[in-house]
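Below is a walk through one model, from its metal site to its interfaces and its charged pairs. Please keep the sequence and the 3D view open while reading.

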Amino acid sequence: MALQSLDIKARSATTTPPPRARNPVHVAKLIDISKCIGCKACQVACMEWNDLRDEVGTNVGIYDNPRDLSDQSWTVMRFSEVEVEQGRLEWLIRKDGCMHCDDPGCLKACPSPGAIVQYANGIVDFHEEHCIGCGYCLTGCPFNIPRISKKDSKAYKCTLCSDRVAVGLEPACIKTCPTGALVFGSKEDMIHHAEGRIADLKERGYANAALYNPRGVGGTHVMYVLQHGDQPELYANLPKDPHISPLVSLWKGVTKPLMSLGIGLAVFAGFFHFVTVGPKEVEEEETD
Amino acid sequence: MRTTIQRYTARERSNHWVVAIAFILAGLSGLALFHPAFFFLTNLFGGGPWDRILHPFIGVVMFLSFVALAARFWRFNHFTPADRQWMKHIGDELCNRDERLPEVGKYNAGQKYLFWTVVVTVPVLLLSGVVIWQPWFAPYFPIWLLRVAVVIHALAAWIMILGIIVHVYAAIWVKGTVRAMTRGTVSEAWAKHHHRAWYREMTGK
Ligand code: HEM
Ligand code: SF4
Ligand code: SF4
């Protein structure tokens, strides 16, 4: 077997179980929004480690730059100016990127075997060499994360530095964060760490401070500490209760095996009709 | 002497076979992405990315050729009160008790149902297919619409595939039918037996 840290838990378009003998620890990245100063060092570290260079954009009057995720920008800072209380402006800065869902909609939607994998440690990774560019992952993701490259028609997103994590390093963004807003470790430890931060925030007047680890997608391997945990939408429309769209579950659930069965049955029905009832033949010289 | 009646012209036959070939290629390349069990079909098209690239273009060829075909056959497929009678005898039709069937024109009610099923599903496949067409059109549509379109596309394709399975089987089952689309002619006996009203119209007998 390959590196234990690259053991696979789930694989797109694969109907048999993956190897399950080993059970490595679940990892998680914790993003403490209350500590983020919006310096974008993590964006730079991501570009540097992954050898990505997005186009130099233009200033559109806000700090967001690049404006959106792309094949070259796997993480972007989203700046929201909000008045949660009258007269008290808050600048909420959310590092956006793949949440590494425990129940990943992208993987569920993908039709190409092995184009999307979930490692046993929880990281969801795209293997672009198997990607066919169909864009189904876009429909599966509740967070609007994957982006299809205009250059090569492959889907890209944050890998949670699966290559670094595989050899015991922390993701590049974690390494570079100057304020400690980003931390990385086992999921258990990260939840524990977050609890301390939330207690601290509550003491400082943020009564609704909470951990964002949404149940609807089975929990995530990228979690946020939110000052306003009751209103995640404040943070550049972070969904309050994300879940895989019921349409995607319908499309990728039992429907398709049943429909495939239906097609098979139709062919069988024809065959058995032919061998039982028989063909319809006419006498060449039919009399009235 | 075996006498024949012209049922389809060379143009009609060519048109039909363009639709049929495009349908088979679109169906196989589409099914390849429909369920992992069919993914191996991508090999027929040069692998996953080529399958994904070619499918919508084949679909458009099918759409355009079907529009021409539908225009040719449209007026023969209007339902008549006689069709309702025929549908009541569908059991007799399936069990080859043909002597109990009412008289039929150029097409029987089953054939008409198939025609209208395809008339509905093909444009639905085109519209839903364009919405999910990467990388050309899909980026212009919101993600919720992509989710709706992909389900509708899969459903419409399924209905159409089932319809065509019945269509192909019927052609094999009713002996003497295939030549209508390969040679263009059918035997007088075939016409008299299966489409008597049409037979009388054609021969004046
Ligand atoms: C009329 C024009 C059509 C267009 C523009 C079209 C377009 C598409 C597109 C864009 C996809 C997504 C995969 C890809 O990018 O290749 C797709 C999938 C598919 N298409 Fe089509 N298509 C058309 C006709 C058809 C026809 C005639 C059939 C077969 C009866 C068909 C069956 C399918 C199936 C089964 C899928 C997979 C759906 C799934 O993954 O659930 N399509 N089509
Ligand atoms: S675009 Fe690539 S990764 Fe996304 S669903 Fe299609 S094959 Fe899978
Ligand atoms: S956030 Fe989207 S892309 Fe990332 S794992 Fe979840 S579903 Fe997949």
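The model is predicted.

Start at the iron atom of ligand 1. Its protein donors are the NE2 atoms of His55(B) and His153(B), which lie 2.0 Å from the iron. His55(B) belongs to helix H2 (residues 48–73) of chain B and His153(B) to helix H6 (residues 143–173) of chain B, so the two histidines tie together parts that are 98 residues apart in sequence. Ideal angles for six octahedral donors are 90 or 180 degrees. His153(B) has a relative accessible area of 16%, so this residue counts as buried, the limit being under 20%.

The contact between the chains involves 48 residues of chain A and 44 residues of chain B. Chain A and chain B bury about 3900 Å² between them, 67% of it on carbon and sulfur atoms. Of the area that chain A buries against chain B, 21% comes from Ile132(A), Met259(A) and Lys280(A), more than from any other three residues. Across this interface there are 2 salt bridges. Lys280(A) also pairs with Asp98(B) in a salt bridge, with the closest N and O atoms 2.5 Å apart.

Over all chains the structure holds 18 salt bridges. One of them joins Asp102(A) to Lys9(A), at 3.5 Å between the closest N and O atoms. This pair links distant parts of the chain, 93 residues apart: Asp102(A) sits in the loop between strand E4 (88–97) and helix H2 (105–109) of chain A, and Lys9(A) in strand E1 (residues 8–11) of chain A. Asp102(A) is partly exposed at 26% relative accessible area, and Lys9(A) is partly exposed at 30%. In another salt bridge, Arg67(A) meets Asp64(A) at 4.0 Å, N to O. Here Arg67(A) is partly exposed, at 47%, whereas Asp64(A) is buried, at 8%. Finally, a network of salt bridges links Asp68(A), Arg78(A), Arg94(A), Asp96(A) and Arg147(A).

Conventions: Residues numbered from 1 in each chain as written. Chains lettered and ligands numbered in written order. Predicted model: local features only at pLDDT ≥ 70, side-chain atom pairs only at ≥ 80, totals over all residues. Heavy atoms only, no water. Donors = N, O, S within 2.8 Å, 3.2 Å for Na, K, Ca; no water. Helix = DSSP H or I, 4+ residues; strand = E, 2+ residues; numbered from the N terminus. Buried < 20%, exposed > 50% of the residue type's maximum accessible area, 1.4 Å probe, protein only. Contact = heavy atoms within 4.5 Å. Buried area = accessible area lost by both parts, 1.4 Å probe. Salt bridge = Lys/Arg side-chain N within 4 Å of Asp/Glu carboxyl O.
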